[in-house]
Amino acid sequence: MLHLIPQTYKTAIKYRQPFPTPAEPRITCSLGKSLVPRCGMAVPVEGVPTGEEDREKCEWWKAKKWAYGILGRLFHRCLWNPSQLPSPMQAEYGVFAEHFVTTFTPEIFKMYLHQVELYVSGQAWLGKKCQYQIFQFFTECIKPKLTWILLKPHVDSLVANFAFPQLTFDVSKQAIVSHAKDEYENFSSPVSGATSFFLSLASNRTKPSFLSMLQFINTVLRSNHTPAQRFGALTMMSVLGPLHRPPSRCQGKHRAIHGTIRPARVHIAGAVLKECGMSIYFPRSS
């Protein structure tokens, strides 16, 4: 029963959201007050298995996963920007949407950021589905002005400490490459979430984000980072590559590649080189 209730509710609001009317504000408050703490609650260590795969399937993390999913769906379904609700929905959902964004969105953001800080510092474990939901939330916070104000001061930290590590090479990625599996085919994975986060930053907040991400990539490639981290920098470059950029930015990206990528200096396993070669385009020297 621990996870069946939130699972049922998330399924129920898949096509039509049973939003409370303006005359029922206590229902709105009850919804937010029950979901935010559930996502942020500390799971007792003795109540979960030690293996990651088994931990993902236990009742505690199933309940958290569905709670994250509900908050994500409520935020995504027009609530992230109430002014852009379709006209037929304005009368029915407008007041609730405005209330949700102004009252609960900052609380959700604060709680998600705290969960990321605990996970990055190694103080808490975070399931992959929960990581994906957090990435989705942060990605949808990029474009709206109200949520961008909350996100902007934390972008550099999130890029370096939360999103970038998803693209680095590790044992699990070695197994994926060995078995000819593509991790990007799983669209609800943390890797997919991090990729969407990078793309949204580069396309929707280009001026404050794009060049800083290139500088971060360049720093990783030029310094004595591990091959796994340099693989992550190359993958991050390949994520940003398809975006159409003005010549000045493209030249900056190409200079970063030419100045750092030399076969004699990049000591990465054959599987990593293979994947990098498939995803990175190296322009010819003039």
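Visitor: At what angle do helix α6 (residues 128-140) and α10 pack, and how far apart are their axes?

Guide: In this predicted model, α6 and α10 pack at an angle of about 10°, with their axes 8 Å apart. Helices here are DSSP runs of H or I with at least four residues, numbered from the N terminus, and each axis is a line fitted to C-alpha atoms over the stretch in contact, with angles running from 0 to 180 degrees between N-to-C directions. Angles under 35 degrees count as roughly parallel, over 145 as roughly antiparallel, 65 to 115 as roughly perpendicular and the rest as oblique; α6 and α10 are therefore roughly parallel to each other.

Visitor: Which residues make that contact?

Guide: With contact meaning heavy atoms within 4.5 Å, α6 contributes Lys 128, Gln 131, Tyr 132, Phe 135, Phe 138 and Thr 139, while α10 contributes Pro 190, Gly 193, Ala 194, Ser 196, Phe 197 and Ser 200. Six of these residues are nonpolar, five polar and one charged, where Ala, Val, Leu, Ile, Met, Phe, Trp, Tyr, Cys and Pro count as nonpolar, Asp, Glu, Lys and Arg as charged, and the others, Gly among them, as polar.

Visitor: How do the axes of α10 and α12 cross?

Guide: The axes of α10 (residues 190-204) and α12 (residues 227-240) come within 9 Å and cross at roughly 55°, which makes α10 oblique to α12. Thr 195, Phe 198, Leu 199 and Ala 202 of α10 meet Met 236, Val 239 and Leu 240 of α12, and by class this contact has six nonpolar, one polar and no charged residues.

Visitor: How many aromatic pairs are there?

Guide: Rings of Phe, Tyr and Trp (its six-membered ring) pair if their centres lie within 6.5 Å, and planes under 30 degrees apart count as stacked, over 60 as edge-to-face and the rest as tilted; the count comes to 12 aromatic pairs. One of them joins Phe 109 and Phe 138, edge-to-face at 5.6 Å centre to centre with 65° between the planes, and it links helix α5 (residues 87-120) to helix α6 across 29 residues.

Visitor: What of Phe 135 and Phe 197?

Guide: Their ring centres are 6.3 Å apart and their planes at 50°, so the pair is tilted; Phe 135 lies in α6 and Phe 197 in α10, 62 residues apart, and both are buried.

Visitor: Which residues do ring pairs link into a cluster?

Guide: The cluster holds Tyr 68, Phe 75, Phe 109, Tyr 112, Phe 137 and Phe 138.

Note on methods. Residues numbered from 1 in each chain as written. Predicted model: local features only at pLDDT ≥ 70, side-chain atom pairs only at ≥ 80, totals over all residues. Heavy atoms only, no water. Helix = DSSP H or I, 4+ residues; strand = E, 2+ residues; numbered from the N terminus. Buried < 20%, exposed > 50% of the residue type's maximum accessible area, 1.4 Å probe, protein only.
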